[in-house]
Amino acid sequence: MLQLYFSPMACSLASRIALMEAGLEARYRVVHLRTKQVVDDDSDFRDVAPKGAVPVLVLENGERLTESAAVLQYIADLKPETGLAPRLGDPDRYRLQEWLSFVGAEIHKAFLFPTFWYKDDGSLAKPRARIPQTLSVPSAHLADREFLVGNGFTVADAHLTWALLLLRPAGVDITQWPSLAAYLERMQERPVVREAIATEMALRKTMPANAA
Ligand SMILES: N[C@@H](CCC(=O)N[C@@H](CS)C(=O)NCC(=O)O)C(=O)O
């Protein structure tokens with residue numbers, strides 16, 4: 001069975017959403033990000049993942065896959081009929097990768113990650129200054145679209161949904177971008193997305209010293 005190492009409401013939420021949208025069973029293993037402890041057996045997460053970061057997907061053959069963009073596409077490709085990713089060769093596949101990279105680099109690492117992990121000694125001013133320009137891109141794109149790519153929900157939507165959810169605790173009010181706020185509401189109306197968030201929010205309450 002697939003296994004997903006995750007931490008409640010971390011970027012691994014997108015992988016949980018993808019697995020659930022694909023109807024794939026998985027064993028979900030909680031990682032405490034600050035202590036790097038795997039909660040169910042007290043083992044050291046760094047033995048599984050030297051990067052020390054979630055998500056990690058353990059494949060059926062035992063190999064471990066990291067990096068959200070890769071994990072999300074792998075999950076989507078296990079169930080191509082769900083349309084969670086355009087098929088290889090479809091030009092929209094590159095649009096999907098474009099959005100996965102954008103969310104991972106320009107939103108997650110550019111300002112979500114520093115906001116959650118670094119003490120604000122003034123060093124967050126520059127990452128924060130980038131937020132309006134960065135968010136104006138998906139905001140304009142979604143002004144007349146329901147989804148990021150094509151006409152259906154893809155793993156890029158799972159990734160962006162997670163990032164938008166974390167903006168509020170990061171102190172960013174997304175109602176400044178009405179199309180993003182409306183998009184987030186739409187995504188949260190999806191039963192799977194709602195269930196995934198509820199599961200992880202409940203778990204998060206049991207791990208107060210965890211991050212992100
Ligand atoms: N580039 C990676 C980033 C993964 C990442 O930074 N995960 C965070 C949680 S959102 C994490 O586990 N951080 C713990 C750490 O870096 O020590 C990806 O997109 O999957």
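In this predicted model, the axes of helix α4 (residues 91-117) and helix α7 (residues 155-167) come within 10 Å and cross at roughly 20 degrees. The two helices are therefore roughly parallel to each other (angles under 35 degrees count as such). Residues are numbered from 1 along each chain as its sequence is written. Because the model is predicted, local features need pLDDT of at least 70 and side-chain atom pairs count only at pLDDT 80 or more, whereas totals for chains, interfaces and linings use all residues; side-chain values use heavy atoms, without hydrogens and water.

**Helix pair α4 and α7**
- The crossing of α4 and α7 is left-handed, meaning that the near helix is turned anticlockwise from the far one by less than a right angle.
- Contact (heavy atoms within 4.5 Å) involves residues including Trp 99, Ile 107 and Phe 111 in α4, and His 159, Trp 162 and Leu 166 among those in α7.
- The residues of this contact comprise 15 nonpolar, 3 polar and no charged; Gly counts as polar.

**Sheet**
- An open sheet of mixed pairing is formed by 5 strands in the order β3-β2-β1-β4-β5 (strands are DSSP runs of E, at least two residues, and helices runs of H or I, at least four; pairing requires at least two bridges).
- β3 (37-38) and β5 (64-66) stand at the edges with a single partner strand each, so one side of each lacks a neighbour in the sheet.
- Strands β1 (residues 2-6) and β4 (residues 56-58) run antiparallel and are joined by 3 bridges; Tyr 5 has Val 56 in β4 as its bridge partner.

**Helix on the sheet**
- Helix α3 (residues 68-78) lies across β1, β4 and β5, at about 120 degrees to β5 (angles run from 0 to 180 degrees between N-to-C directions of axes fitted to C-alpha atoms, for helices over the stretch in contact).

Notes:
Angles under 35 degrees count as roughly parallel, over 145 as roughly antiparallel, 65 to 115 as roughly perpendicular and the rest as oblique.
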